[in-house]
Amino acid sequence: MSADIYDLRGLNCPLPVLKTRKRLETMPGGSRLWVETSDPLAVIDMPNFCLSDGHRLIETVTIEGGHRFHIERG
C-alpha cells in the first residue's frame, strides 16, 4: 500500500500535529500517510496524537534533520 508524504519540516509544535489531524480527516479509514517533521518534539507529540485520535503509528524513522512518521488513519 502506497502512502503520500506530507512535508511539515520547518513547522514547530503544535502545527505538525494540527496539520496532520486536518489532513487525515480528509482521508478514508485505513489510508496511510508519511509525515516528515523537523520539530524535535514531534517524536513525543505524534505517537500521543495517534493514540488519542485512534490512528495507528506504523513506524517512526529518523531522517536527516528530523523524523518521518508512517500513520494509518483509524
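Reply: Let us begin with contacts: two residues are in contact when heavy atoms lie within 4.5 Å. The model before us is predicted.

Me: With which residues is Phe49 in contact, leaving aside its neighbours within four places in sequence?

Reply: Phe49 is in contact with Val17, Thr20, Arg21, Leu24 and His55.

Me: How is a pair of packed helices to be described?

Reply: In general, the description rests on the angle between the two axes and the distance between them. Here, the axes of helix α1 (residues 15–25) and helix α2 (residues 42–53) come within 10 Å and cross at roughly 40°. The helices α1 and α2 are therefore oblique to each other, and their crossing is right-handed.

Me: Which residues of α1 and α2 meet?

Reply: From α1 come Pro16, Val17, Thr20, Arg21 and Leu24, and from α2 come Asp45, Met46, Phe49 and Asp53. By class, the residues of this contact comprise 5 nonpolar, 1 polar and 3 charged.

Me: Which residues touch the most other members of the largest nonpolar core?

Reply: A nonpolar core is a set of buried nonpolar residues joined through side-chain atoms within 4.5 Å. The largest one in this model has 13 residues, of which Leu24, Leu33, Val35, Met46, Phe49 and Ile71 touch the most other members. Two or more residues are given to this core by each of α1, β2 (32–37), α2 and β4 (66–72). The largest share, 4 residues, comes from α2.

Me: Is Thr37 buried or exposed?

Reply: The cut-off for a buried residue is a relative accessible area under 20%. Thr37, in strand β2, has a relative accessible area of 0% and is therefore buried. Not counting residues up to four places away in sequence, Thr37 touches Leu8, Arg9, Pro16, Ala42, Met46, Gly65, Gly66, His67 and Phe69.

Me: And is His70 buried or exposed?

Reply: His70 lies in strand β4. Its relative accessibility is 8%, so His70 counts as buried. Leaving aside neighbours within four places in sequence, the contacts of His70 are Ala3, Arg32, Leu33, Trp34, Arg56, Leu57, Ile58 and Glu59.

Me: What is to be said of the peptide bond from Cys13 to Pro14?

Reply: As a general rule, most peptide bonds are trans. The bond from Cys13 to Pro14 is cis, with omega near 5°. Pro14 is placed in the loop between β1 (4–7) and α1.

Terms used
Residues are numbered from 1 along each chain as its sequence is written. This is a predicted model: local features need pLDDT of at least 70, side-chain atom pairs count only at pLDDT 80 or more; totals for chains, interfaces and linings use all residues. Side-chain values use heavy atoms; hydrogens and water are left out. Axes are lines fitted to C-alpha atoms, for helices over the stretch in contact, and angles run from 0 to 180 degrees between N-to-C directions. Angles under 35 degrees count as roughly parallel, over 145 as roughly antiparallel, 65 to 115 as roughly perpendicular and the rest as oblique. A crossing is left-handed if the near helix is turned anticlockwise from the far one by less than a right angle, and right-handed if clockwise. Ala, Val, Leu, Ile, Met, Phe, Trp, Tyr, Cys and Pro count as nonpolar, Asp, Glu, Lys and Arg as charged, and the others, Gly among them, as polar. Buried means under 20% relative accessible area, exposed over 50%, partly exposed in between (1.4 Å probe, protein chains only).
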